[in-house]
Amino acid sequence: MDATTTITVDKPLLAQTVIISKQQSEPAAVNLALKEFVQRHVADYVIDAFGTIEYDENYDYKAARNR
């Protein structure tokens, strides 16, 4: 879903974002930056979840594959 939103941004930071991202436009660079921001924080959430899930030591994954 595309939406038009007016925001105030740091112009030098936006210019760097366009250059670094190699995007053709400012909106494309901002959208890519937002996407990467979300992906990074979701990944951090998943990483934080490691070691917090208890597994059944008796679970036979090989037997489950043969069902």
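**A short tour of the chain**

I begin with D44, a residue that lies in helix α2. Please keep in mind that the model on the screen is a predicted one. Is D44 buried, partly exposed or exposed? Its relative accessibility is 31%, and D44 therefore counts as partly exposed, since that class lies between 20% and 50%. Now look along the chain to K62, which is 18 residues away from D44. The C-alpha atoms of D44 and K62 are separated by 30 Å.

Let me turn to the loop between α1 and α2, where K22 is found. K22 counts as exposed, because its relative accessibility is 68%.

On either side of that loop are the two helices themselves. Helix α1 covers residues 11-21 and helix α2 covers residues 26-49. Their axes come within 9 Å and cross at roughly 80 degrees. That angle makes α1 roughly perpendicular to α2, because the range for this description is 65 to 115 degrees. Which residues meet there? From α1 they are L14, T17, V18 and S21, and from α2 they are E26, A29, V30, L32 and A33. By class, this contact of α1 with α2 has six nonpolar, two polar and one charged residues.

Finally, the whole chain. The protein chain has three helices and zero strands, and from the N terminus on its elements run α-α-α. How does its radius of gyration stand beside that of a compact globule of 67 residues? The globule would have a value near 11 Å, but the protein chain has 21 Å. Taken along the principal axes, the C-alpha atoms fill a box of roughly 55 × 25 × 20 Å.

As for the surface, 6% of the 67 residues count as buried. The chain exposes about 6,800 Å², and carbon and sulfur atoms supply 56% of that area. Thank you for your attention.

Terms used. Residues are numbered from 1 along each chain as its sequence is written. This is a predicted model: local features need pLDDT of at least 70, side-chain atom pairs count only at pLDDT 80 or more; totals for chains, interfaces and linings use all residues. Side-chain values use heavy atoms; hydrogens and water are left out. Axes are lines fitted to C-alpha atoms, for helices over the stretch in contact, and angles run from 0 to 180 degrees between N-to-C directions. Helices (H or I, at least four residues) and strands (E, at least two) are DSSP runs, numbered from the N terminus. Angles under 35 degrees count as roughly parallel, over 145 as roughly antiparallel, 65 to 115 as roughly perpendicular and the rest as oblique. Contact means heavy atoms within 4.5 Å. Ala, Val, Leu, Ile, Met, Phe, Trp, Tyr, Cys and Pro count as nonpolar, Asp, Glu, Lys and Arg as charged, and the others, Gly among them, as polar. Buried means under 20% relative accessible area, exposed over 50%, partly exposed in between (1.4 Å probe, protein chains only). The radius of gyration is taken over C-alpha atoms; the globule rule is 2.2 Å times the number of residues to the power 0.38. Accessible areas come from the Shrake-Rupley method with a 1.4 Å probe; for residues, only the protein chains shown count as cover.
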